Amino acid sequence: MNCNLAVIKGDGIGPEIVTEAMNVLDAVGEKFGHTFSYEQILMGGASIDVHGKPLTEEALEIARNSDAVLMGSIGGNTSTSPWYQLPANLRPEAGLLALRKSLGLFANIRPAYLYEELKKACPLRDEIIGDGFDMVIMRELTGGLYFGERHTEEVDGIKVATDTLTYSEDEIRRIAIKAFDIARKRKKHVISVDKANVLDSSRLWRSVVEEVAKGYEDVTYEHMLVDNCAMQLVNNPKQFDVILTENMFGDILSDEASMITGSIGMLSSASLAEGKFGLYEPSHGSAPDIAGQDIANPIATILSVAMMLRYSFDLDEEANAVEQAVKEVLADGYRTVDIMSDGMKQVGCKEMGQLIIEKIK
Ligand code: NAD
């Protein structure tokens with residue numbers, strides 16, 4: 001298979017971790033007889049430095065014409081970087097929001113999986129962890145509060161800011177279908193998270209999820225209020241298989257879920273459009289505090305490549321080979337600094353990438 005990828009190395013540790021992910025893809029290509037070609041584009045701070053804006057139309061066009069997009073992470077230190085002195089629409093994150101919207105990336109999937117070898121890094125007590133947990137969070141990505149009308153005005157001398165949360169039934173239906181489809185390939189259970197006791201948008205969300213669920217008799221489902229879900233994630237994470245939720249709730253809950261796995265440097269993410277197109281990136285940010293030191297953990301980005309192989313190219317065997325290689329390297333005791341523990345062997349970003357490649361070969 002020939003796969004044409006647009007690659008956004010991004011800011012901070014982005015270039016280091018994406019380089020390792022590309023090396024892994026090349027190793028997969030060599031072993032299984034595929035060709036991956038890469039066209040690099042700028043986004044975020046790197047694009048601001050060169051073009052004065054976080055995403056150009058030319059870069060967007062290259063992404064649009066690719067088979068899938070591989071991305072590091074974008075942004076800098078939000079307190080000290082000059083990128084954050086710019087108006088909101090010219091800051092690094094504006095590029096990512098525009099890219100998601102233009103490419104129709106409405107479904108974000110973030111797995112939260114507890115590796116046996118990293119159990120000690122999990123902040124939860126042993127009796128809560130039990131034999132581990134394995135969930136995915138399906139977050140709606142192009143609607144809701146982050147994309148609604150917003151403005152700040154002065155009313156009787158007092159500043160008032162307004163954000164609006166809007167969802168159409170079509171937007172809810174298409175993400176619910178993706179969640180039920182994914183549940184079918186897993187433990188067949190969806191928990192749809194909302195705030196239906198308060199919000200109209202959540203009441204519509206609930207009714208559309210119920211309608212979609214009728215087409216999936218083999219998948220069980222339930223509704224859960226978002227505040228309860230935040231508690232349940234740390235109280236009984238084993239109950240979750242697929243969490244389906246809207247944009248802002250998903251933003252917060254997926255960070256909470258990643259924390260309980262013990263390392264944000266391990267968690268991948270996929271943002272999918274209709275059909276097979278997707279953007280694949282780690283769940284973490286650009287970690288400017290450790291950039292350029294060859295200590296970043298590349299595993300989240302490498303596991304994102306596994307998701308790309310599975311979801312965009314239907315290369316399940318190749319995806320399994322990448323995931324298996326990661327497990328074996330961890331079982332051999334190799335760790336980057338963020339997941340280091342007593343008795344393990346500490347390695348840098350490049351070495352971790354190389355170890356995973358050796359296992360794939
Ligand atoms: P962060 O995820 O970049 O870092 C949080 C902490 O985790 C830091 O101590 C960092 O060193 C560590 N860390 C993160 N990834 C790691 C890895 N792979 N290996 C080892 N340690 C790792 O979050 P932040 O500091 O809040 O944000 C930094 C920048 O990233 C901000 O500009 C933010 O807006 C941006 N950001 C971008 C994305 C994205 O591109 N999708 C997502 C989240 C944050």
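Start with the largest cavity, which has L165, Y167, V193, D194, L199, S201, S202, W205, E246 and F249 along its lining. On a 1 Å grid over the protein atoms alone, a cavity is a set of points where a 1.4 Å probe fits but cannot get out, a pocket is an open set with protein on both sides within 12 Å along at least five of seven lines, and lining residues have an atom within 4 Å of a point.

Before going on, note that this is a predicted model, where local features need pLDDT of at least 70 and side-chain atom pairs count only at pLDDT 80 or more, while totals for chains, interfaces and linings use all residues. Residues are numbered from 1 along each chain as its sequence is written, and side-chain values use heavy atoms, with hydrogens and water left out.

Back to that largest cavity: it holds about 60 Å³ of space, a volume being the space filled by probe spheres set on grid points that are joined across faces, edges and corners. Helix 7 (200-213) gives the largest share of its lining, three residues, and strand 8 (189-194) supplies at least two. Helices (H or I, at least four residues) and strands (E, at least two) are DSSP runs, numbered from the N terminus. By class, the lining of the largest cavity splits into six nonpolar, two polar and two charged residues; here Ala, Val, Leu, Ile, Met, Phe, Trp, Tyr, Cys and Pro count as nonpolar, Asp, Glu, Lys and Arg as charged, and the others, Gly among them, as polar.

The count comes to two cavities of 30 Å³ or more. The second largest cavity has a volume of about 40 Å³, and its lining includes R110, P111, A112 and S283. Strand 4 and helix 9 each bring at least two residues to that lining.

Now for the open spaces. The largest pocket takes in about 940 Å³. It is lined by 34 residues, and I182, R186, M307, R310 and Y311 are the closest to its centre. Among the elements that give it two or more residues are helix 6 (169-184), helix 10 (299-311) and helix 11 (316-331). Sorted by class, this lining has 16 nonpolar, four polar and 14 charged residues. At least three residues come from each of domain 1 (1-106 + 264-361) and domain 2 (123-260), with the domain bounds taken from an automatic or database domain assignment.

The second largest pocket comes in at about 620 Å³. Of its 29 lining residues, E93, L96, R100, D251 and S283 lie nearest its centre. Helix 4 makes the largest contribution to this lining, with four residues. Once again, domain 1 and domain 2 each provide at least three residues of the lining.

Which residues are closest to the ligand? The side chain of E93 has an N or O atom 2.6 Å from an oxygen atom of the ligand. That is a polar contact, a pair of N or O atoms within 3.5 Å. A polar backbone atom of G285 sits 2.7 Å from a ligand oxygen atom, and a backbone N or O atom of A287 is 2.8 Å from one. Taken alone, the ligand exposes 810 Å², and the protein buries 68% of that, using accessible areas from the Shrake-Rupley method with a 1.4 Å probe.

How values were computed
A polar contact is a pair of N or O atoms within 3.5 Å; within protein, one must be able to donate a hydrogen and the other to accept it, and residues adjacent in sequence count only if both atoms are side-chain atoms.
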